[in-house]
Each structure stands twice: as structure tokens, then as C-alpha cells.
Amino acid sequence: MADTYTHKDLAGLCGVSETTIKSYRRKFPGFIPVLTRGKPIRFKAEAGEVCLKIRDCFAKGMSVNETHKVLKEHFKEEPSARTRRPHSAAPVAPVESAPGISSEYMEKFFTTAGQMMQGMAGLATAQAKSEQRLRKVESALEKLLEIEAENKALFARLLDQAAPQPAAAPEPESEPESRPEPRPEPSPEPRLRARKIVNVRGPEGDVASYALERETPPAGEHPSEAFLNTPIVIHNDQGEFLGVPGRLPLAGFIKALAREADETASRWTRQDDTWIFTMTAPGGDTHDLHFISTTTPRGNLVVLLERLDVNDTRTSPQFLQEFFRQVKDKI
């Protein structure tokens, strides 16, 4: 091995990205000794062995706490850095990586996921404004149609009253005087239902009827506000409900992913009682998160992250728990 290393040298030695090496330093600052703090930062020779050991532990699915114990057995930790080591979350069962998924891939996923929700907020706002404008237009159209119907009925009654009554012709005395049959009262014009009928009188007196139908542009399915504002949870290995401190709603969970996404397309679909949030990375990789509404034993309404499919392959419960933990750490 070389006498000293830079971030780039360590990344090349371990076969990972420089971002991954920097994450090793954040999680285990006392085990990666710094030689000089100029630019670029240089590390001592033993830093290469430490990074290789960290890489191997993560490849085996070990947690941060478990990896820290292994490092303490093989390397010396600087005392000044022990207090700076970030507190890790509660230990989670070892992750069984899905086919083709590694810790480097997860890092790449979170760095490329940052723009996945930027358009969703704008879309929801535009949709709400559109619905408000449509309701105003419909209300005005309903009033206009009602006024037109009342005017037509009034005009018909005025014409009937203004029409001259025919004079009765004299009849022979031997025959009783006949009276003209009373003209039936015009039946009232039926009130036009505000829903959509418009009658237009042409220049020749003919009347044409048109149906005004509300044309709603097709829109993708989207969960209700109540569903998005429900706290999100997952199941642990014992089937217990685990949530996020502060009862984080589903919308907050999705927003946390948005901060890490970059050029990632997303959409909602529904299968029976399950809402599926699909994220498609620029390279074509897909992540399908399955959410269902349920209640806890105490009767609290929650949204359960039931499963995670990566490229149409269902991941293990341990992988789902680790994914949930990493997103929670980003919040």
C-alpha cells in the first residue's frame, strides 16, 4: 500500500466512490487517521486497511454499530474522535441485499433522487386552482341557464295572453249556441336542469338545443389529502409497528425522498386498497413503494409501508427496514 492516501486514492483502493469514503469518515472518524489537512486532505497508510474493512463489513450487511465493534477489534480509535462519532439509530437486523443492490447503489440512489417531488407540489396546487375556477364557471353557467329558462316561460305566457280570441259566429235559433272550446292553458315550461342544456333561437324562429357537458381532462390517480397526512409506519421482525418520532405523515416521508432525488420521475398508481409510489431513475431503475391504510392495536389510523420492489423484484423485510431507517435518518 502507499504511504499516504487522498479521498480519491482510498476510493480507487476500495472500488467505491469518493462520496462513500467521506461517509466512512463521518460514521467512523476515529479509525481513519488524518495526516495533513491541506487540500487535498491526506490520510495515513493504515487508513487504506480501515476503509477496506468497513467496505467488507457493509458488504456483509452489518450495521454501523456492528462494524464499529469489528474496527475496535482490529484498529486503534483516536480518543478525541469518540465523542464526535454520530449516534446511530437502533440496530436493525442484517440487510439481505436484493439482487444487484449494494451500499454503493443505495448511496447513488439517494444522491440521484433529489428532484422526484419538485413537480408534485406544483401539480397539486395547479389542480386545486383549476378546480376552483371550474366550480366558479359552473356556478355562473347554472345561474345563466336558470334565468334563460325563466325568461322563456315568461315570454310564452305573455304571447298567450296577447293572442286575440276568435269571435263566435251566429247560429240558427233551432240549434243551441255553440261556444268555442276553452283553449288549454299552456303547460309550464320544464325548468332546465343546470347541468347542461342550452336552447338557442335562430333568426327563422327555430330553436336548437345544445348539451354542455363538463369535460374533465384525464388525470393520474393520486391519494387523498387524508391518506397523505396519515402517520407512516413499518413492521419490525416481531410484527410490531415502528414509526418516526413526531408521527411523520406519508407526505413528509415522500418529501424526505424528494430532497435526495435528482432527475427522478415519479407517479402514483392504485391496486385495490394499495397505493403504489413508483420512482424511475434516469438509468431506468425503478423502485415501487407499496402503502396501505391500517390501524394499530391501540386503534390509531396509520399508513403501512408494506413492501419495496426494486426493478420489479421484491426485497426482503430486512432490506425494507434498512431502507426505511436510511430515509428516516435523512429527515
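**Exercise 1. Describe the hairpin formed by β11 and β12, and name its turn residue with a positive phi.**

Solution. β11 and β12 form a hairpin, and two residues lie between them. In the turn, N311 has a positive phi of about 55°. Strands here are DSSP E runs of at least two residues, helices are H or I runs of at least four, and both are numbered from the N terminus. Next, take the pairing. β12 covers residues 313-314 and runs antiparallel to β11, joined by two bridges. Two strands count as paired if DSSP finds at least two bridges between them.

The model is predicted: local features need pLDDT of at least 70, side-chain atom pairs count only at pLDDT 80 or more, and totals for chains, interfaces and linings use all residues. Residues are numbered from 1 along each chain as its sequence is written, and side-chain values use heavy atoms, with hydrogens and water left out.

**Exercise 2. Work out which way strands β10 and β6 run relative to β11.**

Solution. Start with β10, residues 286-295. β10 pairs with β11 in the antiparallel sense over nine bridges. D288 has D309 as its bridge partner in β11. These two strands also form a hairpin, with five residues between them. G299 in that turn has a positive phi of about 90°.

Now β6, residues 232-235. β6 and β11 run parallel, joined by two bridges. I232 is partnered by V303 in β11.

Last, check the cover of β11 (residues 301-310). Seven of its 10 residues are buried. Buried means under 20% relative accessible area, exposed over 50%, and partly exposed in between (1.4 Å probe, protein chains only).

**Exercise 3. Find the aromatic pairs and classify the pairs Y24 with F58 and F253 with F324.**

Solution. First, the rule. Rings of Phe, Tyr and Trp (its six-membered ring) pair if their centres lie within 6.5 Å; planes under 30 degrees apart are stacked, over 60 edge-to-face, and the rest tilted.

The whole structure holds six aromatic pairs. The Y24 and F58 rings have centres 5.9 Å apart and planes at 65°, so this pair is edge-to-face. Y24 sits in helix α2 (residues 18-27) and F58 in helix α3 (residues 46-59), 34 residues apart. Both Y24 and F58 are buried.

For F253 and F324, the centres are 5.6 Å apart and the planes at 20°, so the pair is stacked. F253 belongs to helix α9 (residues 250-260), F324 to helix α10 (residues 317-330), 71 residues apart. F253 is buried at 1% relative accessibility. F324 is buried too, at 3%.

Finally, look for a cluster. Ring pairs link W268, W275, F277 and F291 into one.
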